[in-house]
Amino acid sequence: MKQINEGSKWGWLKRFFKAHTSLTVIILAVLLLEFTTGVIYYSSQDIIQHTTIQAMDRENNALYLCIRNKLAEVEVVLDNMSWIVSDDMIHPDSLFSATYQIVENNPMILGSCVACIPHLFPEHGYWFEPYSIRRPDGTIDTMQLGSASHDYTKAEFFAVPLATGKSHWCEPYLENDGAKAFITTYGVPVRNGKGEIVAVVDADLSLDWLKDVINEDIAYPSNQRFLITGRYNLLAGEDNQVLRASIEQLKDDADKKGYMIVKDENGSKKHVFYTPVGGKTDWILVNVLDDSDVFGKLRRVRRNLLLVLMAGLLPIGFIVWRSKRNLERLSQVNAEKERINSELRVASQIQQRMLPHFCLQRDDVDIFGSLVPAREVGGDLFDYFIRDEKLFFCIGDVSGKGTPSAMLMAGTRSFFRAFSAHDNNPAHIMHRINEAACLGNDTNMFATLFIGVLDLPSGHLRYCDAGHDKPVVVSDAGLQTLNCNPHLPVGVFNDVKYNVQDIFLATGSTLFLYTDGLTEAMNANRKQFGLQRIEDVLRNCIEGQLTPKDILDVMTKEVHSFVKGAEQSDDLTMLVIRYTPKEFKSIHDETLVLKNHVAEVSKLSSFQKALFEKIGIEKSLSRQIQLAVEEAVVNVIDYAYSAGVEGSIEVRMMTDGQYLRVVIVDSGVPFDPTLKNEIDVSLPLEERQVGGLGIYLLRKIMDSINYEYIDGHNILTLIKKLS
Amino acid sequence: MKTKLEEIDGKYIATLEGEMDTAAAVEVEEALKPLYAGEGKDIVIDCTNLEYIASSGLRILLCILKDAKANGSRVVLRNVNEDIKTVFNLTGFINIFEFE
C-alpha cells in the first residue's frame, strides 16, 4: 500500500527519467542554457544600473559645480560690493550708483539694493533702500524703494543677514514692487568701520535664470531637474508629484546627497539623484531620470536577447523532437540487438550441444574433439558416432562465419547423420551430402568436409576428403599427412564425383584432424600458426604418450600462447582419434566350414551346441546365439553366391571368457547385412511383411554386428557378451 | 524334426516336435501345406515339444496366420516354451498370435 501512494507523486517523474534518459539530459541542458543566459542578463542589468548611477552621480557633481560657479559669480560680486558700499556709506547718494553698477555689470542680476538699517541716514528717514532694476527692454531703473508700503526691514533679504551677520540666500518669493517676478535674493551684510552691520547689499536673481542654469546640457529628453531650497521651496523646475515624493523621502536624508527610486502618478519608475549645491546656499539639486533613459539601451538588449532566446528555443525544440525520435529508434535498435544477442547465446548453446560430448567408453578407440567459435555461433563442425563396430567421424568448415555458416553447419551435420545410418562408404555419404547441400543453395555457401569410417575390429579406415585440410596420422612409423584426393567441397556442384580411399591404421595410431582456424591462427605480427608447428606439437605429445584430450589441451594452449591475445579470427576446431585395438585372447577358437546349401545348417547346429556346452553357456543363451548365427549363415547361403555356384562359408567362433565372437566369411558377392532397414515389429498383422525377420533377429540378439569386405571376402563379425 | 498334421472335430491340429531350423523348415512347410488351402478351419499348433524355431519357421507361421485371418478362422499356438516365447517377443509375434 505504501508503494502506491509514493508512486503517484514522484513516481511518474522517476519513470519518465528512466524511460527517457537521453531526452531528459537534453531538456536539462536546454534549461541550463536558458538559466545561464538569464543569469547573464540579470547581472548585466545590475552592472548597467550601477554604471548608470555612477554616471549620473558624476553628472550631478558636474552640474552642481556648474551651478555653484554661477551662484558664486553673484556671491563674489556682492561680497566685493559689500566692501565698496561700506566705504560709500558716508555718501548715501553714491549707493544708488553702486546698485546700478551691480545690475549693469552682471547680466544675471535682475535687481540690486542696499537696504539700510532704519534711520541710518537721518536725512533719508526711516527707510532707505537704493535700488536698481533691469527692465525687460534692457534699461536699468534706479530708485529708492524703501517705504511704508515696502517695509524691507521685515523682509528676509534684510532681516536674516542682519540677524546672522552672514550672507544669505533667500527663499524664493514674489517681488511685486520692483521685479514683479519670482526671485531669490542674495544678501551680504555691510559693516561700518566699527564692524557694526549698517546695511545689507542684495542682488535679485530671476528664477528663470536659475531654471536655465540647471537645465544646461540636458542629455536625456525626459530628464527633469529641480532646484529646491533647504526649506523645500521650489526655486526652479516644475512642481510635480515626483518632486513632492522625492522631497518627502530626502527629508530623512541628513547629508542631502543620494539616489532613490520614486514612482510617478502613472506608476512609472523614476530614478532620482540629489545633491546639495553647497557654497552659501542650502539649496538641493534634484535630478530625475526616466527609467527608460537609464535602462533604455539595456531594455533593448534585453528585448533582443529575449527574442534570440525565444528564437533559439525553436531549433532546440526541433532538435529535441527529432532526438526523441532518434532516441526511440536507438532504444528500439538496442532492444533488437539485445534480443538478437540473447538468441545468439541460445543458438551458441544449441550448437555446442550438437557436438558429441559423450565418452565412448570403449577400449579400442579414444576420441576427443573441441570447437571454439570465433563469434557466438560458428561454421565449423565435427561429429562422431559408432554403429556396428565402425567409428563414423567427420570434420568440416562452412564458408564464412557467424549465423549463416552456423545454420549450414547444423544442416550438414544432420545430413552426415542421416546418410551414414545406412551407408558405410564415405564417398557415398559425401555424395549424398553434396546433393542435399546443392539443393536450394543459392547463397553460394559451401563446406569443406572430411568423412572417415574406421572399422574397429580390423583398423580399416575408409575416407573421403572434400576440400578439407588433410588429417595428420602419427604412428610408430612416424608422422605423415594422410594422402587425400582433392575433391571439391560440398555445396558447389551437384555432380562432383567423390572417390573413397583407404588405409589400415596400425595399433596405437593417432589421427589428428583440424580446420584452417588452427593453421591460420594469427598473432599480432600477422604470422600464422602453420602446419609445421602443429606437427612439432603432435610429435611431442605422442612421445609423451598423451591421451587425445591431453593432446587437444596442449595444442589449444600452444595456439593461445602463439596468438598472445590477438582476436580470434576464425573458428578453432580439432578432433583427435587414437586407435588402440586390444588383442582378442581367445580361450576357445574353433572354425567350421560349410557349403552353401541349406542342409548344411544342421552341421552348424551341432557345431554350436557342442562348443557352447564346452564353453559352458547356459541353455537359453545358447539357443539365442544359435538362432542369430543360423540367420546370418542362412543369409549368406541364400545371397552370397549366384544360383548354382558352389561356395564355401567359414564360421569361426572365439571366446575370451567375456565375449563370444563369431566371424562368418565367404567369398561371394559383396553384401552388407548391416545396411538393411529395420523392420517394424509393431505393425498389425495385415501390414506385417514376411521378409527381414532374419537380420532383425540377428541385430536384436547379438550385442553388435560388424561387416567388412576385405580382399574379396565378406566378413561378418557378431559379438555377444557372455554374462 | 517331426511334424504331424491331424484333423479333429473340424479343427486342424499340427504338432511340431524338435528343432525347426532353416533346413527343417523346408519339410515343415511341405507337411503343413493343407493349412494354406484356405479351408477356413480353425488351427491349433501344438508346440509342446518344439525346442527351436528359426526365421524361416516364423515365416511359415505368419503365412498360416495371414491366410487363416483372411478366411475367418483362428490360429492358436499351444504350450510355447520360454525360449520360443522370447523370440516371439523380439519379433512382435506375441501380439498377433493367440496362445494357450
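# Sheets, helices and a chain contact in a predicted model

Tutor: In chain A of this predicted model, confidence is lowest in helix α1 (residues 2-19), at a mean of 65, and highest in strand β17 (residues 460-466), at 96.

Student: Why is strand β6 of chain A said to be largely enclosed by the rest of the structure?

Tutor: A residue is buried if 20 or more other C-beta atoms lie within 10 Å of its own. Eight of the eleven residues of β6(A), residues 181-191, are buried, so the strand is largely enclosed by the rest of the structure.

Student: How do you know that β4 and β6 of chain A are paired?

Tutor: Pairing requires at least two bridges. Strand β4(A), residues 168-169, has two bridges to β6(A), and these strands run antiparallel. A:Trp169 stands opposite A:Tyr186 in β6(A).

Student: How many bridges join β5 and β6 of chain A?

Tutor: Strand β5(A), residues 173-175, pairs with β6(A) over three bridges, in the antiparallel sense. There, A:Glu175 has A:Ala181 of β6(A) as its bridge partner.

Student: What links β6 and β7 of chain A?

Tutor: Nine bridges link β6(A) to β7(A), residues 197-206, and the strands run antiparallel. The hairpin of β6(A) and β7(A) has five residues between the strands, and A:Gly195 takes a positive phi near 90°.

Student: What makes β2 and β3 of chain A a pair?

Tutor: At least two bridges are needed, and β2(A) (residues 130-134) and β3(A) (residues 140-144) have five, in the antiparallel sense. One of the residues involved is A:Ile133, whose bridge partner in β3(A) is A:Asp141. The two strands form a hairpin with five residues between them, and A:Gly138 in the turn has a positive phi of about 105°.

Student: Why are β9 and β10 of chain A called edge strands?

Tutor: The open sheet has the order β9-β8-β12-β11-β10 in chain A, with antiparallel pairing. β9(A) (234-236) and β10(A) (258-263) each have a single partner strand, so one side of each is left without a neighbour in the sheet. From one strand to the next, the twist averages 30°. Within this sheet, β11(A) (residues 269-276) and β12(A) (residues 284-290) pair in the antiparallel sense over seven bridges, and A:Val272 has A:Val288 of β12(A) as its bridge partner. Helix α5(A), residues 207-214, lies across β8, β9 and β12 of chain A and runs at about 65° to β9(A).

Student: How many residues does the contact take from chain A and from chain B?

Tutor: Each of the two chains gives 21 residues. On the side of chain A that touches chain B, α13, α14 and α15 (693-701) of chain A each supply at least two residues, and α14(A) gives the largest share, six residues. By class, that side has eleven nonpolar, five polar and five charged residues.

Student: What makes the span of helix α2 of chain B close to the expected one?

Tutor: At 1.5 Å a residue, 24 Å is expected for the 17 residues of α2(B) (residues 55-71), and the helix reaches 24 Å from its first C-alpha to its last. Its buried residues include B:Leu58, B:Ile60, B:Leu61 and B:Leu65. Just after α2(B), B:Gly72 takes a positive phi of about 80°.

Technical notes:
Residues are numbered from 1 along each chain as its sequence is written. Chains are lettered from A and ligands numbered from 1 in the order in which they are written. This is a predicted model: local features need pLDDT of at least 70, side-chain atom pairs count only at pLDDT 80 or more; totals for chains, interfaces and linings use all residues. Two residues are in contact if their C-beta atoms, placed from the backbone, lie within 7 Å. Helices (H or I, at least four residues) and strands (E, at least two) are DSSP runs, numbered from the N terminus. Ala, Val, Leu, Ile, Met, Phe, Trp, Tyr, Cys and Pro count as nonpolar, Asp, Glu, Lys and Arg as charged, and the others, Gly among them, as polar. A residue is buried if 20 or more other C-beta atoms lie within 10 Å of its own, exposed if 12 or fewer, and partly exposed in between; C-beta atoms are placed from the backbone. Axes are lines fitted to C-alpha atoms, for helices over the stretch in contact, and angles run from 0 to 180 degrees between N-to-C directions. The expected span of a helix is 1.5 Å times one less than its number of residues. pLDDT is the predictor's confidence in each residue, from 0 to 100.
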